[in-house]
Amino acid sequence: MKKQIIFPILALGLALTACNDDNVENVYYVDGTMSGLTSQYALNFDRYGAPSTNDPDYEENYLTFTVKSNVAPTVVADQSWVNITHAKTDKQVHTFNVTVDANPLKETRNATITVMAGDEKGSLSVAQAPGRGPVINAESNGMTALDIAKDFKAGFNIGNTLEAPDGETSWGQPLINQAYINGIKAAGFNFVRIPVAWNSHAEDGVIDPVWLDRIDEVVEWVIDAGMYAVVNSHWDKGWLEENINWSNEEAVNALQGAYWTQIAEKLNAYDEHLLFAATNEPNAVFDDDNDYDVADRINILKKYQKTMIDAVRSTGGVNAVRTLVVQGPNTNIDHTMAYYTLPEDSAEGRLMAEVHYYDPYQFTLMEKDESWGKVCWFWGEGNLVEGSDRNSSTGEAHMQAQFAKMKAQFVDNGIPVILGEYGAYPNEHLAGEQTDADKAAILKSRVSYYNCVNKYGLAAGVLPFAWDTGELIDRNSGSLLVPEIVNAIMEGSSAAVSPY
């Protein structure tokens, strides 16, 4: 129900009738003013200005109070962020709607509404939850993409969560909380990639404002913890990534522009510690392509990316110069090297390129043995098991060669590169075949892999973000679950000499 407060002005005094959120009606008769009653009947709003009620079906963007008086009441608020409108008068019942602005302060704020009618006077209080802090979208702090790259130590993904099309917890993860974010920071990471589904939370090109608020909340936790946040537009049933073709180009491009305009407007209050990434793994190159097909799809991919860039820039503020991340085709290093150049941007030095690295597939991602090859358990120098058919055929040399390609193409030309995803995951489905010695050697190989990605990646100017879905850091408490791997990431990062 609507939260409603009624002030009847009577001949012998003042009566307050209130309908609160628990649907309990209370009537008070007092003489003179209503001092002392304001704390009982506060109008409560959340940080964004939405009403806070106990009614899950309440959909209005305002709260209501009513004054019953045979003279026109005067209603004023003592704070400018409280907005009062006279909705209607019916038989001496005067209805007023109250809205509030978003709270820019990191603390609860309060106001008082005073009601006067004739000689009678009353008041009620307004309370609003704390906001994110001072709005800072008036000016940029001047950081270029290269400046941001210099700050990089170690990157982390909040995987299989906000990018799940059916909701944050639909892929088995708990809701992200601040303890988890603080745990990422405590582990030593200072960049967090936040994969997000947008299309599944939109209707007719309009993103659900509640979903925008949730992403805003997570971004705030990351930045308040002293880290950088990278918000992307992830797979989301392939609405963009599987439609890099002329037949769908017009519709997809329109949504791309609409979504990024809304995202950019919502998150424009953050400085350059927030980055936007246009897509995830755009499927622009296929095994049976000819050169014409590839060139065609690369042009469409770059058109989607340019639309994102222009949409963000058009919203002004920090977004006019915010660092943006664009993805090579399939985020594949070889495809990116062969076919891709960055789209144009009106802001100089504010683009990064993105690729992913899951080489060799048989060690990092393969789930079961196939006719063409087996899952590899062991990787890297000193970790291969003599006589085993589970050894990886590629190691550190291949990794260094791949990263060197990105250095030559982008980093040496002043363009930082994000390695948006990498990882090597335990083969739990084959655990029954593994001895204790095998399991120890597998962990040792994985530790080496994570160490090398960071050591060799950073040395080439490639900034690695580990993909994690709850294996490395506990999603509730933020505590370390596999400290060997997290420590390896930090040691690899510390050992690297960055070109930035």
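1. First, the ground rules. This is a predicted model, in which local features need pLDDT of at least 70 and side-chain atom pairs count only at pLDDT 80 or more, while totals for chains, interfaces and linings use all residues. Residues are numbered from 1 along each chain as its sequence is written, and side-chain values use heavy atoms, with hydrogens and water left out.

2. Take helix α2, residues 178-187 (helices are DSSP runs of H or I with at least four residues, strands are E runs of at least two, both numbered from the N terminus). Its buried residues are Y180, I181, G183, I184 and A187; buried means under 20% relative accessible area, exposed over 50%, and partly exposed in between, with a 1.4 Å probe and protein chains only. They sit on the same side of α2, because they cover an arc of only 155° around the axis (taken from the directions from the helix axis to the C-beta atoms). The cover over them includes β11 (155-157), β12 (191-194), α3 (209-224) and α10 (483-495).

3. Now the ends of α2. At its start, a side-chain oxygen of N177 comes to within 3.1 Å of the backbone nitrogen of A179. Just after the helix, G188 has a positive phi of about 115°.

4. On to charges. The whole structure has 15 salt bridges, each a side-chain nitrogen of Lys or Arg within 4 Å of a carboxyl oxygen of Asp or Glu. One of them pairs E168 with R214 (2.7 Å, N to O). That pair links distant parts of the chain, with E168 in the loop between β11 and α2 and R214 in helix α3, 46 residues apart. R214 also meets E217 in a salt bridge (2.8 Å, N to O). R214 is buried at 14% relative accessible area, whereas E217 is partly exposed at 25%.

5. Finally, look at K374, in the loop between α7 (361-364) and α8 (396-409). K374 is partly exposed, at 35% relative accessibility. Leaving aside residues up to four places away in sequence, K374 touches Q362, M366, D369, D389 and R390 (contact means heavy atoms within 4.5 Å). The K374 side chain makes a polar contact with the side chain of D389 (2.6 Å). Two of those neighbours, D369 and R390, form a salt bridge, with their closest N and O atoms 2.7 Å apart. R390 is buried at 5% relative accessible area, and D369 is partly exposed at 30%.

Key:
Polar contact = N/O pair within 3.5 Å; in protein donor to acceptor, adjacent residues only side chain to side chain.
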